[in-house]
Amino acid sequence: FLMERKTHAKINRKEVMLAKLRKSCSCTPQKMKNFLMDFFPVLRWLPKYRCKEYIWGDVMSGLVIGIILVPQAIAYSLLAGLKPIYSLYTSFFANIIYFLMGTSRHVSVGIFSLISLMVGQVVDRELLLAGFDLNDDAPPALGDGSLQNDNLSNTTAFNLTIAGINAECGKECYAIGIATALTFMAGVYQVLMGIFRLGFVSMYLSESVLDGFATGASLTILTAQVKYLIGIKIPRSQGHGMLVITWINIFRNISQANLCDVITSAICIVVLVTAKELGDRYKHKLKFPLPTELVVIVVATLVSHYGKLNELYSSSVSGAIPTGFIPPKVPEFSLMLRVALDALPLAIVSFVFTVSLSEMFAKKYAYTIRANQEMFAVGFCNIIPSFFHSFATSAALAKTLVKTSTGCQTQISGVISAMVVLLVLLFLAPLFYSLQKCVLACIIIVSLRGALRKFQDVPARYQVNKVDTLVWVVTMSASALVSTEIGLLVGIVFSMLCIIVRTQRPRTALLGQIQDTSFYEDDLEYENLSTVPKVKIFRFEAPLYYANRNYFLKSLYKLTNLDPNLEAARRKKYEKKEKQHLKKGNQRTANGLGIGETTLQLVPKQIDFQALVVDCSSISFLDTTGVNTLKEILKDYKNLNISVLLACCNPSVIDSLKRGGYFGKDFGCMQEMLFYSIHNAVLFAKDQK
């Protein structure tokens, strides 16, 4: 039977587009109100805030995250190649802006190790190109003075005009200039992606790519912190292969290790890891996680200050962290042009991590987020703070987990965290002057435990899916051994190639009938299947398109043990020889057989079927090459008196076949060529003479 298709009314796309434009361009008070409430979701949920029910959890989680943010902000400044004050600015502004614009109730937006690393790599590269010394402890030979650039003896020593910045801007000023320009461009990209609804880009970053990228970047982060752990002074490596070059330099200078830093690092790592393990083991008994990082920083600062570790043992310390806010400044346009390309992967990674975390926690706590609004929120979390000497931000999994475990209900907790950071910015920052850099490095390295533990999951991942494991390994290796940006690109391209290869060489099978049923399955995978006499049933488990056309034909000919083109050529050859002998009047053929015997021989023994059923249930679409391929096998098998029947085609495939002329001009033979189940096709084939 042939099912009757519904007739769909034709849509005038031009009219639809014009109607949408008219609706979009119209402006009414209600529409303006809805726009503002959509753009600032806080206007919707804040008036409905259940103070008695939510306030305690929000305040508690906000305080805990604020306490965690302060040491992490100071530590991650090492990754970004910037002064700690800028990390504190970043944490403060990101929490405030996401509170106003974000749609997730739980994610913690702020500094993130991966993003800080990507910013730091661009900053280091541009500093190097500008002629600055990347050594953290190098004297400020190029005017690297205070935040206010008041070290005139250094700024006037060199008459520099670097990318549009005047000579009075030294190393620190130039570094934050690069970071803010990069952050501004990343934010612009994210807002543009939101305007043009390009959130689908995140779909190309699979879980394997993201995990591999995070693990590879974690190895790079760990490597960059080793020199602080042991207190050696080596140049900050740049470019491809940074991980290998850094380790070579570490081993070359290992003899210069600072014993004070080594001992401090060992003690801090033991304390931090032990506290983390105990916290993980007894987290169900703890109302909130232990503020281990803050305790370690406070104790280490006191020991360093009163023990005079910097003066007596030359231990590297954080140095002066000023209080208050620097006047806002527009990012340099000329620097934006230099970092425009670097900002693109930064924008994509920042958005993907934020949206994936938002969706994960929204699903867990039964509410919805708007991915497009998240794009705007993250974009403005980068654009606006870039005017206030801040760098790029993203949602962070570890802090988000802490937020949810401490009772977070809404983004009010983000405001509380921002107030804690503000307190440090205004009053407490100078107290961290004597904090050793090796302590900050320990905090960063211990925070990588989750990403580095992914190596333990490789065997289990391999058992689940070998291709995904290969994608993870390739992405991780490229991110660690080449660079983070190249690693991300390699991961995306390689994962797409894996999909293409899997559609180019998909599974193919001949099907047998499950006894006493109307169902058919793979003859090689299941026992006790019966073959259907005179019928071959072929399954192709992929779309049929230009890239796998040859594989489709090759597999079909191999499984059916018949190549119709070769068979047709062989028959023509025998017919030609037969005609030559008939002309000579010889009734014996070239093989010494009679004419009747020759006729029998022309029908090859291997043709043991009269109908070929193609199971199209796994063919999701056909392109022009796919349609022509099916038309080709229809013609070739028809020349051998073998009928080709299609079964289980979806409407898209049927439409492609109709447009391609597979069923003829008037579709008159359609009922004899197309079937809605394999069993119907088999019954039809059996009824044929």
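I looked up Asp-516 and noted it as exposed, at 83% relative accessibility (exposed is over 50% relative accessible area, buried under 20%, partly exposed in between, with a 1.4 Å probe and protein chains only). The model is predicted: local features need pLDDT of at least 70 and side-chain atom pairs pLDDT 80 or more, while totals for chains, interfaces and linings use all residues. Residues are numbered from 1 along each chain as its sequence is written, and side-chain values use heavy atoms, without hydrogens and water.

I placed Asp-516 in the loop between β3 (508-514) and β4 (520-522); strands here are DSSP runs of E, at least two residues, and helices runs of H or I, at least four, numbered from the N terminus. Asp-516 is not a glycine, yet its phi is positive, near 60°.

I then checked Asn-528, in the loop between β4 and β5 (529-530). Its phi is also positive, about 60°, in a residue that is not a glycine. Asn-528 is exposed, with 63% relative accessible area.

Next I turned to the largest pocket, with a volume of about 1,800 Å³. Of its 48 lining residues, I listed Leu-397, Ala-398, Lys-399, Leu-401 and Gly-450 as the closest to the centre. A pocket is an open set of points on a 1 Å grid over the protein atoms alone, where a 1.4 Å probe fits, with protein on both sides within 12 Å along at least five of seven lines; lining residues have an atom within 4 Å of a point. The volume is the space filled by probe spheres set on the points, which are joined across faces, edges and corners.

Helix α16 (residues 397-405) gives the largest share of the lining, seven residues.
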